[in-house]
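Hello,

I'm passing on the structure we talked about, shown just below.

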Amino acid sequence: MSYTHATTTAERILHEPRYRPVLIRDMPGDQRPRERLRDAGPDALSDAELLAILLRTGTKAESAVTLANRLLSEAGGLERLARVSHGELCAFHGFGEAKAAHLLAALELGRRIATLKDEEGPPVLQTSVDVARMMKPLMEFMPQEQLRVLSLNSRNQLLATSTVFMGTVNSVSVRPVEVFRQAVQVNAPSVVMVHNHPSGDPDPSAADVALTKEIAAVGKTLDIKLADHVVVARGGYVSMRDREIIK
């Protein structure tokens, strides 16, 4: 049998009804993700079903639920999926920029919601626990290091947040002037630095310690206190002030 004939036969077999992929529109109404969410609530849906609702459509060969299951499997679960980048998603078979944008936006909203508090008014960041509670959900899954600076007023209320660096955080790459720029603009008497470790281990490196001491010294000349430097990661967080690296 020739290759052309074999290919034609295979294509014919795959297009027979019993080999066609089961699409969401082919499912009974009460088994479709959107209808199940409406009738039973989001808690009743699996991770793949929730993802399928975000993705909206699958491919010609698979339903949105099948695509979502494959994405979860290849990513290594929901926790690792939360760390993927836009480029990595776009490279995944069945994804384009629109699907990647929908998913990343939903993940970011989830992280931001996790930091919200019930009380009104700006967050009060008196301790490292307060800082970690607000910033860890936002930063622990980032695929690369990022340094953010939280500017505080005299009552330790958050005035402003700025991202001052993305890359490898150390005293060579981070300019002190960028750390304090926003604090000067909003007349903040103190700041808290926060950065993440994508490795999952929050233990500060020698470079982290050196950067902390350098920024604290520059802050004294500007009369702006470095209240803390908190390193967050999936494995927890570490406060430089709690460890008495700064006082």
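**Salt bridges**

The count of salt bridges comes to nine, where a salt bridge is a side-chain nitrogen of Lys or Arg within 4 Å of a carboxyl oxygen of Asp or Glu. Before the details, please keep in mind that this is a predicted model, in which local features need pLDDT of at least 70, side-chain atom pairs count only at pLDDT 80 or more, and totals for chains, interfaces and linings use all residues. Residues are numbered from 1 along each chain as its sequence is written, and side-chain values use heavy atoms, with hydrogens and water left out.

Helices here are DSSP runs of H or I with at least four residues, strands are runs of E with at least two, and both are numbered from the N terminus. Glu 74 is exposed, with a relative accessible area of 56%; exposed means over 50%, buried means under 20%, and partly exposed is in between (1.4 Å probe, protein chains only). Glu 62, Arg 70 and Glu 74 are linked in a network of salt bridges.

Glu 178 is another residue to look at. Its side chain meets that of Arg 175 in a salt bridge of 3.6 Å, N to O. Glu 178 also forms a salt bridge with Arg 181, with the closest N and O atoms 2.8 Å apart. Glu 178 and Arg 181 are three residues apart in helix α9, and therefore about one helical turn lies between them. Both are partly exposed: Glu 178 has 26% relative accessibility, and Arg 181 has 40%.

**The overall picture**

The protein has ten helices and five strands. Of its 247 residues, 41% are buried. Among the contacts (heavy atoms within 4.5 Å) with a separation of 6 or more, 57% are between residues 24 or more positions apart.

**Two cores**

A nonpolar core is a set of buried Ala, Val, Leu, Ile, Met, Phe, Trp, Tyr and Cys residues joined through side-chain atoms within 4.5 Å. The largest one has 19 residues, and those with the most contacts inside it are Leu 147, Val 179, Val 191, Met 193, Ile 215 and Leu 226. Two or more residues of this core come from each of β1 (146–152), α9 (176–185), β3 (190–196), α10 (206–222) and β4 (225–233). A second, separate core has 18 residues, including Ala 52, Leu 55, Ala 64 and Val 65.

Helix α7 (residues 97–115) has 19 residues and reaches 27 Å from its first C-alpha to its last, close to the 27 Å expected at 1.5 Å a residue. That expected span is 1.5 Å times one less than the number of residues. The buried residues of α7 are Lys 99, Ala 100, Leu 103, Leu 107, Arg 111 and Thr 115. They cover an arc of only 150° around the axis, which puts them on the same side of α7; the arc is that of the directions from the helix axis to the C-beta atoms. Glu 97, Leu 109 and Ile 113 are exposed on the other side of α7. The cover over the buried residues of α7 includes α3 (47–55), α4 (64–75), α5 (78–81), α6 (86–90) and α8 (128–139).

In α9, the buried residues are Pro 176, Val 179, Phe 180, Gln 182 and Ala 183. Their arc around the axis is only 155°, which puts them on the same side of α9. On the other side of α9, Val 184 and Gln 185 are exposed. The buried residues of α9 pack against β1, β2 (158–166), β3 and α10. Just after α9, Asn 187 takes a positive phi of about 60°.

**An aromatic pair**

The structure holds one aromatic pair. Phe 92 and Phe 95 form it, edge-to-face, at 5.7 Å centre to centre with 75° between the planes. Rings of Phe, Tyr and Trp (its six-membered ring) pair if their centres lie within 6.5 Å; planes under 30 degrees apart count as stacked, over 60 as edge-to-face and the rest as tilted. Phe 92 is buried at 11% relative accessibility, and Phe 95 is buried at 10%.

Best wishes
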